[in-house]
Structure formats: structure tokens, C-alpha cells
Amino acid sequence: MQIVSSVAAMQRLAQKWRRAGVRIGFVPTLGYLHAGHLSLVREARRRVGKKGVVVVSIYVNPTQFGPKEDLAKYPRDLPRDLKLCRAEGADVIFTPNDAEMYPGKAEGRYSTYVVEETLGRVMEGASRPTHFRGVTTVVAKLFNIVLPDVSVFGQKDYQQAAVIQRMVADMNFPVRIIVAPTLRERDGLAMSSRNKYLDAEQRAQAVILFHALQAAKAAVAKKPVAAAQLKKDLQQFITAAPLGRLDYVEFFDSETLQPVAKVKRGTHMALAVFFGKTRLIDNARL
């Protein structure tokens with residue numbers, strides 16, 4: 001397994017693979033990897049085959065964090081991440097720093113961003129106004145550096161995957177986006193690097209996100225329900241976790257991400273809940 005930290009070196013490698021006809025699979029991450037990330041690495045390998053190469057980027061991207069968010073405290077453990085990637089059979093780990101990814105930014109000489117203007121305005125975009133600008137910018141840059149044929153994202157970040165898919169279509173990136181299923185802990189909590197922040201009592205209550213998804217599925221199993229009423233019911237349901245503070249719960253069309261007035265089987269649901277300063281998200285098709 002090769003570790004590359006320079007943008008120029010990564011591009012040279014990718015261009016060499018391209019010239020040789022080697023397929024490139026790519027998994028972009030913030031690091032502090034868990035089993036969910038590793039499932040994306042396996043999917044990338046499946047897509048490119050034994051003769052292809054799998055690149056994993058590990059980079060805590062500052063532009064997708066708001067000024068009051070957890071950039072400085074975001075968990076980092078590169079040696080552990082490298083060990084996990086090696087065991088999973090990744091070929092290259094790309095570990096750039098801020099100066100490589102945003103040259104001149106510290107001196108005020110970086111000013112180019114990629115912005116998706118529709119899908120990213122609701123839910124996560126409403127709660128974290130600059131988040132998706134940072135995501136689309138860094139992913140666009142990573143695509144230009146790694147030159148992947150296939151890139152794999154997780155369904156837990158459903159809106160993020162939708163925004164990336166729209167960006168790829170709108171900007172004519174020659175890369176196929178694969179959205180892989182959410183991996184969950186045994187009690188249903190979606191795997192997340194931020195779960196590390198939870199204390200024992202918060203962790204026990206955090207499963208309320210999964211239970212809320214299950215409750216919504218049960219509510220619409222037989223007939224449609226008004227979105228406003230179901231939202232009120234779920235707000236009350238989530239109070240069963242007294243340490244949790246609901247940020248949002250939304251019901252929306254899975255393609256347009258626009259809210260719906262009636263919730264039925266097949267409608268998509270997403271929610272975000274704070275436990276202390278830790279913000280957890282989840283989603284599912286009902």
C-alpha cells in the first residue's frame with residue numbers, strides 16, 4: 001500500500017494508471033475509519049476488480065465545517081486508519097494537508113468554490129449553510145486529482161450523495177457514483193466517526209434516531225399520513241431520549257429532495273438529533 005501526500009504526485013500516479021487502462025476506484029473520507037467506511041472500500045474493489053486500483057483519501061476538509069462546528073476536535077488517528085486500509089486491500093492512501101488542497105488560502109489567495117444551488121439548500125444545507133459548498137468543492141478537487149472511474153459514497157449521508165450525483169451530472173465529470181448501504185451497530189445506530197463523542201448514556205439514547213425511522217415506517221405502512229402530523233408525532237417520540245435535541249425531521253422526494261405534504265411508503269425521511277454538542281444524522285426510505 002502506497003501513501004501519497006502531494007497533489008502533484010497523486011495526479012501523476014492517476015494519469016499513469018489512466019494511460020495504462022487501469023480502472024480507478026475512489027473512496028473519499030474524513031478519516032477515523034469504521035466498518036462503514038471499510039464497506040465502501042470493499043465496494044470500490046468490487047467495482048474495479050483485482051486489476052484495478054483502489055484509492056482512499058483521508059482528509060479533514062476545513063471548508064465543510066462551520067465556524068462553530070467540530071473541526072478542531074474531529075477525531076483523527078492516521079496510523080489506525082492506515083492499518084485498516086492495508087488490511088482491506090486498498091492500494092493508495094491519499095493524505096494531503098490544507099496547503100496542498102487549498103494553496104494560498106492561509107494568505108487569502110484561494111477564492112474558487114463549487115456550489116450546487118438546489119439540492120443542498122434543505123435539511124443539512126439549512127442547518128449548516130456553508131457545508132455543501134465545502135463538500136462539492138473538495139470532492140470536485142479530489143476527482144480532478146485522483147481521476148476515478150468509480151467513486152463510492154455511503155447512504156447515511158443521503159443528501160450529500162444526492163448533491164455529489166447532481167454535481168457530477170451538471171459538471172460532466174467522467175466518474176460513476178455508487179451509493180452503498182448504511183452500516184449499523186447491532187442496536188440499529190448508524191455507524192459514524194462522531195459516535196466516539198457520545199458518553200455511555202448518550203450512546204444508549206442515540207438509538208432513538210433508528211427507532212424514529214422504524215416508527216415512521218410503521219405509521220405509513222397501511223395508508224398515507226399528513227407530513228405535518230407525522231412530524232409532530234416524531235418530535236414527541238424523540239422526547240423519549242431526554243438527552244437528545246431534535247434539529248430537524250423531514251419527509252421528501254428521494255430524487256428532488258423537495259418536501260412532501262403526504263408521507264407514504266417509498267417517501268424518504270431524514271433527521272438530525274443533537275446529543276450535547278454531537279450531531280447525529282440518519283435517513284431511510286419508508
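Tutor: Phe26, Phe143 and Phe173 are linked into a cluster by ring pairs. Rings of Phe, Tyr and Trp (its six-membered ring) pair if their centres lie within 6.5 Å; planes under 30 degrees apart are stacked, over 60 edge-to-face, and the rest tilted. Keep in mind that this is a predicted model, where local features need pLDDT of at least 70 and side-chain atom pairs count only at pLDDT 80 or more, while totals for chains, interfaces and linings use all residues. Residues are numbered from 1 along each chain as its sequence is written, and side-chain values use heavy atoms, with hydrogens and water left out.

Student: How many aromatic pairs does the structure hold? And what kind of pair do the rings of Phe26 and Phe143 make?

Tutor: The structure holds 6 aromatic pairs. For Phe26 and Phe143, the ring centres are 6.4 Å apart and the planes sit at 75°, so that pair is edge-to-face.

Student: How many residues apart in sequence are the parts that this pair of Phe26 and Phe143 ties together?

Tutor: Helices (H or I, at least four residues) and strands (E, at least two) here are DSSP runs, numbered from the N terminus. Phe26 belongs to strand β2 (residues 24–29) and Phe143 to helix α6 (residues 131–146), so the parts their pair ties together are separated in sequence by 117 residues.

Student: Are Phe26 and Phe143 buried or exposed?

Tutor: Buried means under 20% relative accessible area, exposed over 50%, and partly exposed in between (1.4 Å probe, protein chains only). By that rule, Phe26 and Phe143 are both buried.

Student: What about Tyr110 and Tyr113: what kind of pair do their rings form?

Tutor: Tyr110 is buried at 16% relative accessibility, whereas Tyr113 comes out as partly exposed at 24%. Their ring centres are 5.5 Å apart with planes at 85°, so this pair is edge-to-face.

Student: Which residue has its charged end over the ring of Phe274?

Tutor: A charge sits over a ring if NZ of Lys or CZ of Arg is within 6 Å of the ring centre and within 35 degrees of the ring normal. One case is Lys141, over the face of Tyr102 at 5.7 Å from the ring centre. For Phe274, with a distance of 4.3 Å to the ring centre, the residue is Arg245.

Student: About how much space lies in the largest cavity?

Tutor: On a 1 Å grid over the protein atoms alone, a cavity is a set of points where a 1.4 Å probe fits but cannot get out, and lining residues have an atom within 4 Å of a point. Grid points are joined across faces, edges and corners, and a volume is the space filled by probe spheres set on the points. The count is 1 cavity of 30 Å³ or more. The space in the largest cavity is about 40 Å³.

Student: Which strand gives the most to the lining of the largest cavity?

Tutor: Residues lining the largest cavity include Leu189, Asn195, Leu209 and Asp282. Asn195 is in the loop between β6 (176–180) and α8 (200–205), and is buried at 12% relative accessible area. Giving 3 residues, the leading strand is β11 (residues 278–285).

Student: What is the phi of Asn172 near?

Tutor: Asn172 is in the loop between α7 and β6, and is exposed at 64% relative accessibility. Asn172 is not a glycine, yet its phi is positive, near 60°.

How values were computed: On a 1 Å grid over the protein atoms alone, a cavity is a set of points where a 1.4 Å probe fits but cannot get out, and a pocket is an open set with protein on both sides within 12 Å along at least five of seven lines; lining residues have an atom within 4 Å of a point.
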